[in-house]
Amino acid sequence: MMFYDLFSGVKWEVRANDHYFHQSCRRKSFLCFRWGRYADNVVRSYKYTPLTFLPLNLYEQFQRVANLFFLLIVILQVCGVPIIATIPWYSTMLPLLFVLLVRGCKDLATDLVSLSFLSFSHLLCCLSQADLLLLCSTEPHSLCYVETADIDGETNLKFRQALSVTHTELNGDSVKQNLAAFDGIVWCEKPNGNLHSFKGELHWKGERHLLDTDHLLLRGTVLRNTDIAYGLAIYTGSDSKILQNCGKLKLKNTQVEMLLNKTVLILLFMITTALLLAVGAGLFEHRVSPKYDVVSVLQRDSSPAYLGFITFWGYIILLSPSMPMSLYITFEVIHMVHCLLIGWDIEMYWEDNNSPAQARTTTLNEELGQVGHLLSDKTGTLTQNRLLFRQCFIAGHIYDLSWNRFSCGGLKFSDQRLVDKLRERSSPECQEFFTALALCHTVMSEWRDGLPHYQAASPDEEALVCAARELGWVFLSRTRETLTISEMGLTRNYQLLALLDFTSKRRRMSVLVRDPGGQLKLYCKGADIVVLERLQRDWPLQESTERALELFAQGCLRTLCVAVRSVPEALWTEWSRTLSQAGTSTGNQETVLEEIYDQMEKDLTLLGVTAIEDRLQEGVPETIATLRRAGLKVWVLTGDKTETAVNVGYACKLMDPDTILIQGEELRSENTEMTKAPEWGAKFVALSDQCQSVLCCRVTPAQKAEVVEMVRKHSTSITMAIGDGANDVNMIKTAHIGVGLCGVEGSQAVQNADFALAQFRFLRRLLLVHGHWSYYRICILLRYFLYKTTAFALVHIWYSFYNGFSAQPMYESWFISLYTTLYTSLPIQCMGFFEQDVSAKSCLCWPEIYSIGQKEQLFNPLVLAITLLYSVYTSIILFFIPMGILQYSALDYQTLAVTVQTSVLLTMTVEVILHTKFWTKYSVAAVVFSLVAFFLSTLALHSTRLFTASPKDYFFLGIHVCRLIIVHVKNISPKEEMHLIKITNYLKKKKRF
């Protein structure tokens, strides 16, 4: 056992019915400390626990510079030197607590939605939330049918089968007793996220049995057509493959948000301003204070340097509102509302499959209004992916395609010549061709009402198997070792020796079977470029085959080549031995298997070519034409031949009829220097920007992602990738914005996308309407927030020139606390929710409006600078006009403060009113509420009763200064005492003391 463990690299041990062994090695944790080997049987889908919620959530929130900055301000106010607390601590604490509370409640609510506990025992008799080794089932040969839509997005049925030894020994009338006595030991690879790979061995009764993925039931699979499956839990909890595969989410930030983060430069400006004002305070103390006895008395024990240092921190606190703390929470709330509006849009709801539009992320809404490059898959995205078998080429003849008892009436194909040849069995080539279609696939059959119904991994396979069925070659059933078909009413069983899977890299699949006559044959189907190069040398009908492929491509038909090879017994024996050794290798198994497959898939004989029609979705040409008018560069990435892709491009209006095509071969011949240069990607993207559109043919899924990465790297525009299948996931993840379509190839594209749609045509409304509105609303919101907070804070600077740079606040303390959280929050939020510069109909009629976002006209460094300058100008007006009127009057500073703060609020409210173009009842209510709340709270907070109860919290600015003079000045000289008496008498006459 230890020898196997050390030298095979397979180190994970599972013992059946050995509870003590697994319990002693169970993984345990406390806070951030973990120890042990095996995960427990509880799958936790929540993020927080009652113990970790508060510290973890606060840690996440204080990752933001603004929150951390205000926490430091509160610490300075509460724990620092009292003299630097220019405003009460609660004026900063209350807004900070409000922001933390709202964000914390949002995070908690999100976590509660995903809260679930899933437990299971080690030896199970049903499909559960663990990775199981299938031991036996109630089906014949312990076959088990499963659906893996939640794992890989594929909705077709797959089969798993138990080992023959466990099926024989454990099944029977006493299956539960047999399972309780089962003492097998499994050695396998450590937990990993590879969903399509598993290797291990079962050690039982002195024998070793190889295990692979066909013996494993992954967490998330669903039993179909199987009553009970019994299994041994191999990976539990967080060790299961699906959870190991769930890596950390890569967060995407928008360009607007990245530019917003640069407004942290406001902090640098604030520090510089506070430093200059502190220098002014020191100079004032050094040069001006000695000339006025009263001022000298107030600072009699302070040096200018010390006073400047204290004043610096006082101004940091005083100017802190210029940092838009509540902006982040408002930003998130508005993003969330925009996502809800997208989901509620009835114009993007597809009734056929009950699919509304979905915003699966809440951070990218405004980037929907800035997309410059749209990179789209073709099959299933532009087309319906409901394939029809239209034509085929067999033995030099093209047949333009029922009459048997298995027919479902779905074949749009009628060529009496082919039917006659099949019924009369006069063409061995035609018979072999349809035998290949009936055998070379991974389709599962399900019998309903006496007819087979197929579930396939792709629409291509279903179309081909259905076509063979309609013409008499009917796939009936399959097991792990056999395939059963009906050939013109004659049932024949083929022994399945090997299945060479289809992958996006191989672009082909093959089956190796032994026919009822004992002959070994390899049937292969795949892309023409892949299959043709594996044919025998000087294969016949080469010229006619190429003409047929070209003819099919001109008709926008998808083609696959079908081939066969007779395999000698000696070759099969040697090849199977090599294949078995590769199954237990510890190296790069995928590369080894590909090399072994290549050894078998050669010297093929071409049987024919299939031609399948995939119609365009409704509204695709109009959508692409509109998006091109909006300024988007549309790229289509497909694995089809060039001719097929070009014809589809014309059909979907990707290209105009008079478009001049520049193909890759021409680029290579005319611009050899460009393709050899290291920066060829940048040159290619620059060249493509001068073109109407780009069509990439013969690309693999990996190459699709590379194309997106190239455009993203060498272009400043926002990229959007859209696809419908698992092969589009990499492309979707690579782009700035990924859109998944709810197609017929499963849900994996949707699960990995930022937005989900049911039809391609809905993309027009998503971008031109919701995208434009979101960009416009977010930009207005950000500019207004910067404007209102900066203008609000700058008033303190102008007031400093009148108070000797003493860091005395201009506003009342409660106004500072409520300004951003109550008085000015609701009107701008309503703008962020509902504002429209143009209607939805206008957005679609004049798509050129969309270029506003592409050119970043509403939020860029220039607009940001103008906004800040405008806020400086506003702050000057707000302070100097009231000051100029009141400074020589008998009114006090309390009157000045109320006048200035009232002017600030009215100015900000009027600013919202002037920018609002789309009024709703909520917008009107928000404006009215803000004004009423300000005036009522001002009356309440300025009451004599509150002042008497707590003068420290409810004070007038002039009174506060005089009380400081009386309280803190002691041991003064007679001359200084006379000056204080004069000041006191003056204040008494003014009734302010």
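Biologist: How many disulfides does this model have?
Modeller: A disulfide is a covalent bond between the sulfur atoms of two cysteines. This is a predicted model, and the count comes to zero disulfides.

Biologist: Are Cys-845 and Cys-188 buried or exposed?
Modeller: Buried means under 20% relative accessible area. Cys-188 is buried, because its relative accessibility is 0%. Cys-845 has a relative accessible area of 37%, so it is partly exposed.

Biologist: Which residues have the most contacts inside the largest nonpolar core?
Modeller: In soluble globular proteins, nonpolar side chains tend to be buried together. Here the largest nonpolar core holds 74 residues, and Met-323, Met-810, Tyr-811 and Val-904 have the most contacts inside it. Helix H30, residues 762-800, gives this core its largest share, 18 residues. A second, separate core has 43 residues, among them Leu-464, Cys-466, Leu-560 and Val-564.

Biologist: What does Met-323 touch?
Modeller: Setting aside residues up to four places away in sequence, Met-323 touches Ala-66, Phe-69, Phe-70, Ile-266, Leu-267 and Met-270.

Biologist: Where does UniProt list a "transmembrane region"?
Modeller: The unreviewed UniProt entry gives residues 68-92, 264-284, 304-321, 784-802, 858-881, 893-915, 922-942 and 954-972. Such annotations may be inferred rather than shown by experiment, but the model can be set beside them. Residues 893-915 are 100% helix and 0% strand, with end C-alpha atoms 33 Å apart. Residues 922-942 are 95% helix and 0% strand, and there the end C-alpha atoms are 30 Å apart.

Biologist: Where does UniProt place the "active site"?
Modeller: The unreviewed entry places it at Asp-377. In the model, Asp-377 is in strand E17, residues 371-377.

Biologist: Is Asp-377 buried or exposed, and what is it in contact with?
Modeller: Asp-377 counts as buried because its relative accessibility is 5%. Leaving aside neighbours within four places in sequence, its contacts include Lys-704, Asp-724 and Asp-728, as well as Leu-382, Leu-637 and Met-731.

Biologist: What do the buried residues of helix H23 pack against?
Modeller: Helix H23 spans residues 642-651, and its buried residues are Thr-644, Ala-645, Val-646, Val-648 and Gly-649. They pack against helix H19 (542-554), strand E27 (557-566) and strand E30 (694-696). After H23 comes Lys-653, with a positive phi near 65°.

Biologist: What should I make of a positive phi?
Modeller: Most residues other than glycine have a negative phi. Arg-425 is not a glycine, yet its phi is positive, about 55°. Arg-425 sits in the loop between helix H15 (416-424) and helix H16 (428-439), and counts as partly exposed at 38% relative accessibility. Asp-449 also has a positive phi, about 60°, without being a glycine. The loop holding Asp-449 runs between strand E20 (444-448) and strand E21 (451-455). At 80% relative accessibility, Asp-449 counts as exposed.

Terms used:
Residues are numbered from 1 along each chain as its sequence is written. This is a predicted model: local features need pLDDT of at least 70, side-chain atom pairs count only at pLDDT 80 or more; totals for chains, interfaces and linings use all residues. Side-chain values use heavy atoms; hydrogens and water are left out. Helices (H or I, at least four residues) and strands (E, at least two) are DSSP runs, numbered from the N terminus. A disulfide is a pair of cysteine sulfur atoms within 2.5 Å. Buried means under 20% relative accessible area, exposed over 50%, partly exposed in between (1.4 Å probe, protein chains only). A nonpolar core is a set of buried Ala, Val, Leu, Ile, Met, Phe, Trp, Tyr and Cys residues joined through side-chain atoms within 4.5 Å. Contact means heavy atoms within 4.5 Å.
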